[in-house]
Amino acid sequence: KSTKRTRKVPIVFVTAISKEKKYMLQGLEEGAVDYLFKPLDVEITKAKVYTLLHYFHQQKELELKNAELALLNEQKNYFLGMASHDLRNPLGNIITLAQFIESEDEKLSEEQKSFIHTIIDSGQFMLNMLNNLLDVSKIESGNIQTQMQETDVIDLVQRSITDNRYQAQKKNISIQYSSHENIPLIKGDASQLRQVMNNLISNAIKFSVQGKAIEILIEKSSTAVRVSVADQGQGIPEEELENVFKPFQKTSVQSTAGEKSTGLGLTIAKKVVEAHRGDITVKSEVGKGTVFSFTLPLEMM
């Protein structure tokens, strides 16, 4: 086992002396794959050796396949990152020019206004997708830079509410939040955690009907701070909950005002929370609404 050339060779102990259980356990703990007692049955021994060698070769093949997949995944992340970065600038120019044309309101017909609005709306959706792809590629490749510092969760939540207030007002949705007393500072990247909050709040707005409320609760325990975002929307079918954090996975639930989704926001939220050694969960009931919660450990301080 200490020699590189032979460390992965499967070892079988054969003995006529040390038949006590403690010796068998010691042999297996040392790395043996089996421990046989004499007298040996020739056919059974051959069959065991064949099976163990077959398993050994399968393990080697699996290791090679995993190495190939890791390389392909690295190349995929590099391509996504490069493509997303290179496409953002020209797309941003398209949006800016379309907004400039839109500002010439008195010179445009109603049909032209509609066309310009579609260009801006589609451009913003594509830009959001590119930004999300860039974030995913950075996270998966390990190249994402986190600025870990003392972070005020209450301030972070209030800023995220402000970020999303206009979209909520368009649908007459109120955003309310409450908090336990004396919420401690946590160690985290405020920018990334704000991205998580914005995603959860914007999703709650997206899938809520006119006139409903979104409730945000900040809690503390002896080990963590928990933030929950609860909507009064349509809810997600139970059988679809396991897919909500997977990339490009969308549920059967439709946004209530035609809002678009890239299918990457919750994936990024999960990866960011887990990078902070936290946890993110979802609970939902069809017809009553959905609650997304994430925890951030205090021991990181």
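This is a predicted model: local features need pLDDT of at least 70, side-chain atom pairs count only at pLDDT 80 or more; totals for chains, interfaces and linings use all residues.

Residues are numbered from 1 along each chain as its sequence is written, and side-chain values use heavy atoms, with hydrogens and water left out.

Zoom in on Val33, in the loop between helix H1 (21-29) and strand E2 (34-37). Helices (H or I, at least four residues) and strands (E, at least two) are DSSP runs, numbered from the N terminus. Val33 counts as partly exposed because its relative accessibility is 39%; buried means under 20% relative accessible area, exposed over 50%, and partly exposed in between (1.4 Å probe, protein chains only).

Now for the inside. Which residues have the most contacts inside the largest nonpolar core? Select Val157, Met197, Ile216 and Phe294; the core itself has 37 residues. Helix H4 (153-170), H5, strand E6 (213-220), strand E7 (224-230), H6, strand E8 (279-285) and strand E9 (289-297) each give two or more residues to this core. H5 supplies the largest share, seven residues. The rule for a nonpolar core: buried Ala, Val, Leu, Ile, Met, Phe, Trp, Tyr and Cys residues joined through side-chain atoms within 4.5 Å.

Next, colour the charged side chains. The whole structure holds eight salt bridges, each a side-chain nitrogen of Lys or Arg within 4 Å of a carboxyl oxygen of Asp or Glu.

- Select Arg194 and Asp163: their side chains meet in a salt bridge at 3.0 Å, N to O. This pair links distant parts of the chain, with Arg194 in helix H5 and Asp163 in helix H4, 31 residues apart. Arg194 is partly exposed at 27%, and so is Asp163 at 38%.
- Select Glu110 and Lys113, a salt bridge at 3.3 Å, N to O. Both sit in helix H3 (residues 110-141), three residues apart, about one turn of the helix. Glu110 is exposed at 60% relative accessibility, whereas Lys113 is partly exposed at 23%.
- Select Glu274 and Lys270, which pair up at 2.9 Å, N to O. They are four residues apart in helix H6, so about one helical turn separates them.

An α-helix has 3.6 residues a turn, so residues three or four places apart point the same way.

Stay with H6 (residues 265-275) and pick out its buried residues, including Leu266, Ile268 and Val272. After H6 comes Arg277, whose phi is positive, near 60 degrees.

Last stop: Asp189, in the loop between strand E5 (186-188) and helix H5 (190-206). Asp189 is buried yet has no salt bridge, and the nearest side chain of opposite charge, Arg194, is 10 Å away. (Lys and Arg count as positive, Asp and Glu as negative; His and the chain ends are not counted.) What lies 3.1 Å from a polar atom of the Asp189 side chain? Select Ser191 and look for its backbone nitrogen.

Key:
Lys and Arg count as positive and Asp and Glu as negative; His and the chain ends are not counted. A polar contact is a pair of N or O atoms within 3.5 Å; within protein, one must be able to donate a hydrogen and the other to accept it, and residues adjacent in sequence count only if both atoms are side-chain atoms.
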